[in-house]
Structure formats: structure tokens, C-alpha cells
Amino acid sequence: MELDAKTQRFESRPDRVSKPVQIGEVKQVKFPRFSTRMPEFDRLLGGGLVAGSLSLIGGDPGIGKSTLMLQVSERFAAQGLTVLYISGEESIEQTSMRAQRLGIKCKGLYILAETLFSNIKCQIDELKPDILIVDSIQIIYKGELSSSPGSVSQVRELATEFMHLAKGMGISTFLIGHVTKSGEIAGPKVLEHIVDTVLDFEGDRQHGYRMLRAVKNRFGPTDDIAIFQMGGDGLTEVSNPSRLFLEERTLETPGSVIIPTIEGSRALLVEVQALVAPSAFSTPSRKSTGLDPNRLILLLAVLEKRVGFQLHNCDVFLSVAGGLKIVEPAVDLAIACAISSSFSNRSIDAKTAVVGEVGLGGEVRAVPRIEIRIKEAIHMGFEELLLPKRNLKGISKQLAQKIRLRGIEFVDEALNVKIS
Ligand code: TYD
Ligand code: MG
């Protein structure tokens with residue numbers, strides 16, 4: 001390669017110039033993949049971890065990134081793969097203590113407590129691992145750079161180095177990154193465009209479950225999730241999340257409504273709770289947890305204006321059980337039903353679920369992916385689903401036989417129909 005005198009950029013050699021290829025003539029290659037031996041995790045990755053891929057796993061400190069990666073490392077090592085775990089944040093003793101707690105004692109899993117990149121690279125060249133875990137990218141540094149570890153320039157340079165290692169030597173690499181105060185991994189999302197896969201590890205520390213979300217995936221679906229539960233012996237996959245979210249539900253409680261909501265590629269049954277109580281103040285309180293507060297105000301206005309509820313002197317509290325967040329508008333009708341149920345102090349049938357978007361005129365609008373919502377409701381033993389009338393079209397007869405489907409056109413129909 002020669003340096004162009006004018007631009008100071010490298011010129012590529014004439015014999016190495018890429019040629020355009022017709023898209024139909026490109027040979028399809030199947031990427032070799034390693035199984036994590038966790039079916040949910042494999043599914044999230046698009047059918048296992050692609051050899052030579054670079055993934056970023058981000059999340060708040062203490063959420064369980066190191067635990068998950070150590071558990072995955074063991075499963076890889078148990079298949080005869082060589083795994084190198086760079087433990088920059090914790091000493092070898094701390095990591096092995098954690099491994100003991102998790103019951104890990106297999107061959108082929110190496111731990112290296114090192115933070116200087118050049119030393120790490122020497123060890124990688126020597127060991128030639130199949131899988132590399134970097135815990136965390138923010139603590140490793142390159143001596144050539146004057147900036148401190150975790151700075152944008154360090155993190156960016158390191159990610160590029162690890163990418164070259166991953167692609168050049170075919171090492172599947174996981175970079176662990178802490179979410180910084182601004183809510184972005186390693187500063188201003190500096191890594192997302194470099195890596196092949198971005199996984200966000202989220203969850204409420206008060207609740208035992210954790211959610212791994214694929215926000216970018218060059219080798220599989222995006223916006224899909226896998227759910228784990230943190231216990232005394234590490235993380236276990238939750239194959240039936242609806243059961244987890246419905247576990248603590250008390251039946252026949254006014255204000256409680258179940259909605260089949262969509263998370264990634266799957267439907268989850270989740271409980272929405274409302275509490276409507278007389279307000280002691282002239283300005284009533286309106287609070288929501290896990291749901292958009294603006295949506296609550298809007299739905300209250302719809303209920304007042306279109307249905308005639310007198311809610312202006314009531315406090316209204318709304319929450320999603322289990323610490324989950326629901327952002328899709330398909331939750332509107334469930335919110336309206338929950339408010340109305342609490343207001344009238346009459347519970348909604350325990351085997352009924354509700355879904356639908358509510359417009360400003362009180363009309364109930366169609367929601368996407370109704371079939372998988374219905375299937376999940378059937379799967380969890382629900383006998384009736386209130387859904388937008390327009391969604392009734394195109395539902396297979398086979399499905400409609402297994403559950404009572406009640407089409408709703410205006411919000412008041414759901415409230416009249418359902419409050420028993
Ligand atoms: P950790 O993996 O260290 O989080 P991160 O690497 O994302 O900072 O997990 C820390 C939390 O997990 C800690 O609060 C203890 C808890 N934990 C368990 O509850 N059970 C376990 O088996 C392990 C290993 C950790
Ligand atoms: Mg950690």
C-alpha cells in the first residue's frame with residue numbers, strides 16, 4: 001500500500017481492488033455457529049453464536065452480565081471449546097469464587113486478570129481461544145493512548161482491535177460494557193456500529209427476572225428477548241415468561257386486567273393494575289409505573305368525555321405488575337378496563353384478557369400481531385379475549401374455536417360487557 005501524498009490516506013494495491021458482483025451470483029455461505037446450550041439465548045442470537053462474531057453485552061452495573069457470561073463460558077468449554085475470560089474488573093480469586101458458587105469446574109475455561117491490551121493480545125496469540133469474553137471493555141486500555149480507560153477514544157480503539165482479532169483469528173468475542181450514567185454503553189454508543197450484535201441486559205434489581213434484548217443483530221432477529229431469573233445459583237432461563245408475570249396475581253381483584261402484550265417476537269401475558277380512590281386534594285394525583293403517564297391522562301379524558309365517568313376528583317394510580325414496561329398503545333383498552341373496574345369496585349373475570357388501542361373518539365383500533373396474542377392467551381388457559389372488532393377479520397377458525405373472541409368497537413362496550 002502506498003500513501004497518497006495529497007490525501008494522506010492509503011491507496012490500495014491494484015491487484016487487491018474489489019470488483020462489483022451481481023447480487024444473484026453471490027454464493028450463500030452458512031455461518032458456523034456454536035450453541036450456548038441455553039435454548040432462549042441461542043434463539044436470541046439467531047440459532048447460536050456465529051464463529052468469529054463480535055458482540056456487545058451492555059447493562060447497568062450489578063445486573064448480572066459477568067454471571068451470565070461466566071455461565072455461558074462454562075457451557076462452551078463443556079463442548080470442548082477453548083474459552084478465555086478476561087477478568088479486568090475482578091481478581092482471579094473473585095472470579096473463581098463466583099465460578100464455584102455457580103458450580104463451574106470444567107476444563108478449557110481460562111481466566112486472565114489483566115487490563116493492558118498488549119498483554120492480553122500476547123495471551124490470545126498463545127492460547128488461540130475459540131471464545132473470548134472481555135469483562136469489561138471500559139477497564140481495558142491501550143498503553144499507546146494517553147486517554148484514560150473507559151474514555152471514548154480508548155473504547156473505540158479497543159473495540160476495533162477486538163474486531164480485527166475476532167475476524168482475523170475467528171474468535172467469537174463478547175465485550176461487556178457498563179451503561180454509563182447517560183444510559184448509553186461506554187459513552188455515546190461508540191461501539192454499536194462496530195460490533196455485529198448488541199445485547200442489552202435489563203431488569204429491575206428489586207425483581208428477580210432479567211431480560212436480554214437483541215437491539216442489533218447482523219446474524220439474527222432484532223428486538224427479540226430472552227428472559228432469565230436470578231437465583232442463588234446464577235441465572236436460569238425462563239421458558240414460559242407469562243407464568244412468571246402472572247404468578248403473584250390475586251384473582252378477582254378490582255382494577256386488575258390481563259393483557260397479551262408483544263415483546264420482541266413473542267407475546268407475554270402481563271397484569272395491568274389500576275387504583276382509583278377519592279382525592280383529598282383539589283388537584284388529584286395521576287401516577288403510573290411501567291406505562292406512559294401521558295397515555296394515562298389521555299385515557300382518563302376519553303373515559304370522562306366519551307363514557308361519562310366522573311374522575312376529576314379521584315386519584316388514579318396505574319402500574320404493570322412485575323416491574324415490566326409496556327410502551328405499545330395496544331395496552332390502552334386494558335388500562336381503560338382497569339380504571340373502570342377499580343372505579344366501580346367490580347372485578348373483571350379472571351379468565352378474560354383485554355387488548356386494543358383506544359383513539360381520542362373512544363373508538364377501539366386494531367392492534368398488530370393479533371394471532372400470537374390469542375395463542376398465548378389460549379396457552380395460559382384464558383377463556384375470553386376482548387379485542388378490537390377490526391382484528392376479528394382474518395383470524396383462523398381453528399384459533400377462534402379455542403377461545404371466546406369478543407370484538408369491541410367503542411371503549412364503553414368493553415366496560416359494559418366486562419364488568420360483572
Ligand atoms: P454480576 O454478574 O456481578 O453483575 P455485573 O457483572 O452486571 O455487574 O451480578 C451481580 C449480582 O448478581 C449481585 O448483586 C449478586 C447477584 N448474584 C446472585 O443473585 N446469584 C448468583 O448466583 C450470582 C453469581 C450473583
Ligand atoms: Mg461484572
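The solutions below treat the ligand shell and then the cavities. This is a predicted model, in which local features need pLDDT of at least 70, side-chain atom pairs count only at pLDDT 80 or more, and totals for chains, interfaces and linings use all residues. Residues are numbered from 1 along each chain as its sequence is written, chains are lettered from A and ligands numbered from 1 in the order in which they are written, and side-chain values use heavy atoms, without hydrogens and water.

**Exercise 1.** Describe the shell around ligand 1.

Step 1. List polar contacts, pairs of N or O atoms within 3.5 Å. A backbone N or O atom of Gly-234 lies 2.7 Å from a ligand 1 oxygen; for Lys-65, a backbone N or O atom is 2.8 Å from an oxygen of ligand 1. Arg-101 places a polar side-chain atom 3.3 Å from a nitrogen of the ligand.

Step 2. Of the 560 Å² of accessible area that ligand 1 has on its own (Shrake-Rupley, 1.4 Å probe), the protein covers 76%.

**Exercise 2.** How many cavities of 30 Å³ or more are there, and what lines the largest?

Step 1. A cavity is a set of points on a 1 Å grid over the protein atoms alone where a 1.4 Å probe fits but cannot get out. The count is two.

How values were computed: A residue is near a molecule or strand if one of its heavy atoms lies within 4 Å of it. A polar contact is a pair of N or O atoms within 3.5 Å; within protein, one must be able to donate a hydrogen and the other to accept it, and residues adjacent in sequence count only if both atoms are side-chain atoms. On a 1 Å grid over the protein atoms alone, a cavity is a set of points where a 1.4 Å probe fits but cannot get out, and a pocket is an open set with protein on both sides within 12 Å along at least five of seven lines; lining residues have an atom within 4 Å of a point. Grid points are joined across faces, edges and corners, and a volume is the space filled by probe spheres set on the points.
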